[in-house]
Amino acid sequence: MNEALARPAVVSRLSDLIGCTPLFELCRTETGSRLLLKLEMFNPTGTAKIRMARQMVLDAEARGDLRPGGRIIESTSGNTGLGLAVIAAERGHTFTAVVDHHACTDKLRAMKALGAELVHAVDDGSDELATAAREELAEELARGQDNTVFTEQHNNPSNGVGYFPVAHELHQALDGRIDVLIGAVGTGGALCGTTRELRTLVPGCRTVGVEPKGSIAFGGPAHGYHQSGTGTPEGAEIGALVDFTLIDEGVKVGDAEAFATARAVARATGLLIGGSAGGVVHEALARLPAAPPGTTMVALVNDGGEKYLDTVFDDDWMRARALLDRDLEREVDETLTKLRRM
């Protein structure tokens, strides 16, 4: 591996461990096509979003918007907040996370453990996603305050820039052979940021975006969904980082299919992936058998499953929301078993 992309043997800051995440071959076809998972849960905090959290803070400091001892404010469902909490602690800032009860409890607890202040935009006990309310409150908290920045992840160009290294890691690891990149579309930073840089390295790579059914980036109908940290719910604006010129195809995957896939992957491989990552893998598995011979498909797995043991991987939680579907899980199990034997 090029030393520029290698993790150092000894570090003095947790953020020095960001990047150089591994690729895991989940399966391959008889024609030599393979599905590789970019395991971003091997970043500190177990998620890709610490990449852009660091970039947003560094750029705010470089502009002079954030000085030593400053305050960072962000609307988050958890993973961005975890990353910002780490970077704030390292760089001597305080961090306020504006959250709702849709976020997994473990993410909220982890942010508090890392020193974050939690402010609930909606505190009526509902577990509905409240992105618009969170954004409004975060902006209000930052307005007129000295040495305070609302990082505004959905519209912050630094979000996309933070993922440029992912493109270089993929290009280097695969010697430039990447035919399809598939990933979740939430803020748009991870998929579009990676794609923007990857196309300078691998111009022919095709990008597929995945959002939950109920999200509106790729059209309606709009309704609630349980995949956390992804999509654009009704009432929220599609983020400026969702660049449709960089997404060759946009698709939707339902909660039941996404969660069944995450559960099946765990049983088949021992790998815990998040619920929205399950949606990405579900779509990738559906496409792989029809891919041209020798295709290399890379799925961005932006979150690990350890944060979802009380939700996606809990039968009672799944059953209470009519999401537990054993037939779907068996279908994914059978697909994985067949492809992993090839």
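Which residues are exposed on the other side of α11? Here are some friendly notes that lead to the answer.

1. A word on the model. This is a predicted model, where local features need pLDDT of at least 70, side-chain atom pairs count only at pLDDT 80 or more, and totals for chains, interfaces and linings use all residues. Residues are numbered from 1 along each chain as its sequence is written, and side-chain values use heavy atoms, with hydrogens and water left out.

2. Helices here are DSSP runs of H or I with at least four residues, strands are E runs of at least two, and both are numbered from the N terminus. Helix α11 covers residues 326–340. L328, E329, V332, L336 and L339 of α11 are buried, meaning under 20% relative accessible area, while exposed means over 50% and partly exposed lies in between (1.4 Å probe, protein chains only). Those buried residues fall within an arc of 105° seen down the axis of α11, so they line one face of the helix; the arc is taken from the directions from the helix axis to the C-beta atoms. To answer the opening question, E334 and K338 are exposed on the other side of α11.

3. What α11 packs against. The buried residues of α11 pack against β1 (23–28), α8 and α9, with contact meaning heavy atoms within 4.5 Å.

4. The α8 and α9 pair. Helix α8 (residues 255–269) packs with helix α9 (residues 275–287) at an angle of about 90°, and their axes are 7 Å apart. Axes are lines fitted to C-alpha atoms, for helices over the stretch in contact, and angles run from 0 to 180 degrees between N-to-C directions. That makes α8 roughly perpendicular to α9 (65 to 115 degrees; under 35 is roughly parallel, over 145 roughly antiparallel and the rest oblique). On the α8 side the contact includes F259 and V265, and on the α9 side it includes V281 and L285.

5. The α2 and α3 pair. Helix α2 (residues 79–91) and helix α3 (residues 105–113) cross at roughly 10°, with axes that come within 9 Å. That makes α2 roughly parallel to α3. Here N79, G81 and L82 of α2 meet K107, A110 and M111 of α3.

6. H101 sits in the loop between β4 (94–99) and α3. H101 is partly exposed, at 28% relative accessible area.

Key
Expected span 1.5 Å × (residues − 1).
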